[in-house]
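Dear colleague,

I am handing over the structure below, and my notes on it follow directly after. Please read them with the model open beside you.

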Amino acid sequence: MATHDQSSPGGRPPHAAAPRGRPPREGRPARRLRLRALRRTRLLLALAVMLALASCGEAGLIVSHGGRGAEQGPEPLVIWLWPGSGYEPLISQYNEEREDVRVEIVRFDPQDLHANLQTAFAAGYGAPDAVMIDLSYMERFKRFPSYFYNLRELASGRLDAGRYLDWNWRQAASPDGSFVYALPASVGPMTMLFRVSLYGQAGLPLDRDELADALPDWDAFLRGGVTLRTRTGKPMIDNIVTLYRAILGQAEARYFDPETGDFIGDVSPAVREAWDYAVSAKMNGLSAGLQTGTTEWAVGMEQGHFATLLAPAWMLRHVTENSPGAIRQWNMTRLPGGAANRGGWFFAIPRESRRPEAAWELIRWLTDEERQLALFREQNIFPSLTELYDDAEIVNKRDGFFMGAPVGRLLSEAARAVRPVRTGAGQPLVEDIIESALQKVENGLLSGDLAWEEAMRQIRLELETQ
């Protein structure tokens with residue numbers, strides 16, 4: 001069956017660079033008006049595209065799974081996913097096992113999915129029956145409870161917050177827990193992959209536990225990187241954005257004040273510390289400058305063009321699928337500096353759904369113990385249900401690709417140790433701007449200090465005009 005993904009091969013487009021120097025005060029209102037007008041135009045264009053696709057039978061947005069024909073059976077239940085999420089085979093199974101439902105998938109690149117969902121809410125038309133929402137976008141959508149079903153209303157039994165990691169459940173619910181926007185489906189605890197041949201040439205320990213003890217924090221990690229570069233000629237990491245994400249992922253206070261929700265990234269010690277470590281890695285020649293997910297990155301992973309990958313659980317599949325020649329070349333240990341989480345997702349039900357009970361049964365089934373274990377077994381998508389962390393399939397899982405590393409144990413230990421963090425509605429915007437600025441540092445276009453000033457100025461301006 002041919003599939004038609006609405007995905008962007010380039011990933012998230014970087015934000016345009018802010019002009020150097022603060023514009024004159026009298027020019028700022030005009031700039032805000034232009035930005036607001038631009039956003040309105042984009043919204044209308046996105047809506048027009050969505051409506052055109054929704055009305056066009058040839059658009060190819062919908063991927064039907066199951067044995068029944070598209071003209072037979074009940075009204076379809078539409079779910080929005082992003083490509084590579086791993087749920088397509090499960091939904092095909094769901095369709096085969098049930099006569100009362102036919103689930104159809106609409107697939108978008110993650111950024112497009114969230115933008116189209118917001119557009120559909122604004123238009124009052126076009127939202128699906130169920131939808132994946134990335135962790136970074138949850139706070140943005142939690143501003144609009146009227147657009148979602150409270151899952152407490154749909155659950156036949158009491159939803160038990162204790163089945164999930166505390167920090168993960170808080171992302172899915174209102175502060176008092178009375179409104180549950182979504183079911184947690186996956187988290188992204190991080191580990192450190194290390195290229196055994198390069199670490200051996202550098203004289204660094206090859207035993208997993210000994211290496212973790214030798215690199216307990218990021219200062220030791222960067223010192224080890226200097227040693228490795230000196231002795232092997234190879235950089236320590238793939239790129240400085242990955243390093244920045246891992247370090248910041250270990251902090252509690254990041255971009256937004258936990259009490260007020262105000263942006264504090266420009267005065268947060270944790271954000272600046274992560275930035276400075278990333279810039280230091282660039283200045284000391286420790287980065288290969290290979291953007292995650294590119295062909296060059298996959299080749300570098302396979303051929304050992306860098307020595308370390310700081311990887312969330314879901315990235316392990318990308319490594320094994322895109323760098324098959326790297327089998328048994330990489331080992332795995334704990335992340336320096338403590339535990340961190342990167343990514344994860346939820347399933348929600350928009351109020352526009354005409355079959356909310358059926359949508360609830362679908363997302364409950366997709367996120368139950370059996371499905372979460374299957375996704376971890378087959379794709380290293382790590383469960384959100386903490387009761388599974390002691391399951392034998394996770395406790396005993398070792399991965400031959402990574403030299404028999406105890407993947408399940410390392411990931412579950414990291415997930416349990418992650419610190420809770422407050423994200424904000426502007427989280428994706430802030431992440432895009434900061435990571436774009438770091439890429440300018442990586443490419444030698446700006447110094448660390450100038451890139452920091454430019455990023456903070458642009459974030460403040462963008463947040464003011466949202």
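Against which helices and strands do the buried residues of α9 pack? They pack against β5 (182–195), α7 (196–201), α8 (208–214), α10 (240–248), α11 (269–283) and β6 (308–312). Here buried means under 20% relative accessible area, exposed over 50% and partly exposed in between, with a 1.4 Å probe and protein chains only, while helices (H or I, at least four residues) and strands (E, at least two) are DSSP runs numbered from the N terminus.

Before going further, please keep in mind that this is a predicted model, in which local features need pLDDT of at least 70 and side-chain atom pairs count only at pLDDT 80 or more, whereas totals for chains, interfaces and linings use all residues. Residues are numbered from 1 along each chain as its sequence is written, and side-chain values use heavy atoms, with hydrogens and water left out.

The protein as a whole

The secondary structure comes to 19 helices and nine strands, and buried residues make up 54% of the 466 residues. Of the contacts (heavy atoms within 4.5 Å) between residues at least 6 apart in sequence, 77% join residues at least 24 apart. The accessible surface, from the Shrake-Rupley method with a 1.4 Å probe, comes to about 20,100 Å², and 50% of it belongs to carbon and sulfur atoms.

Helix α9

Helix α9 covers residues 218–232, and its 15 residues reach 20 Å from the first C-alpha to the last, close to the 21 Å expected at 1.5 Å a residue; that expected span is 1.5 Å times one less than the number of residues. Its buried residues are Trp 218, Ala 220, Phe 221, Leu 222, Gly 224, Gly 225, Leu 228 and Thr 232. At the start of α9, a side-chain oxygen of Asp 217 comes to within 3.3 Å of the backbone nitrogen of Asp 219, and after the helix comes Gly 233, with a positive phi near 80°.

Strand β5 and its partners

One of the elements that α9 packs against is β5, a strand in which 14 of 14 residues are buried. Two strands are said to pair if DSSP finds at least two bridges between them, and the partners of β5 include the following:

- β8 (residues 341–348) pairs with β5 in the antiparallel sense over six bridges, and Pro 184 stands opposite Phe 346 in β8.
- β6 pairs with β5 in the antiparallel sense over five bridges, with Phe 194 opposite Thr 308.
- β7 (residues 330–333) is antiparallel to β5 over four bridges, and Leu 193 has Met 332 as its bridge partner there.
- β9 (residues 382–383) is joined to β5 by two bridges and runs antiparallel to it, with Phe 382 as the bridge partner of Val 187.

Two residues to check

Most residues other than glycine have a negative phi. Arg 328, in the loop between α13 (315–322) and β7, has a positive phi near 60°, and this residue is exposed, with a relative accessible area of 53%. Met 403 lies in the loop between α16 (392–395) and α17 (407–417); its phi is also positive, near 60°, and at 36% relative accessibility Met 403 counts as partly exposed.

With kind regards

How values were computed:
A polar contact is a pair of N or O atoms within 3.5 Å; within protein, one must be able to donate a hydrogen and the other to accept it, and residues adjacent in sequence count only if both atoms are side-chain atoms.
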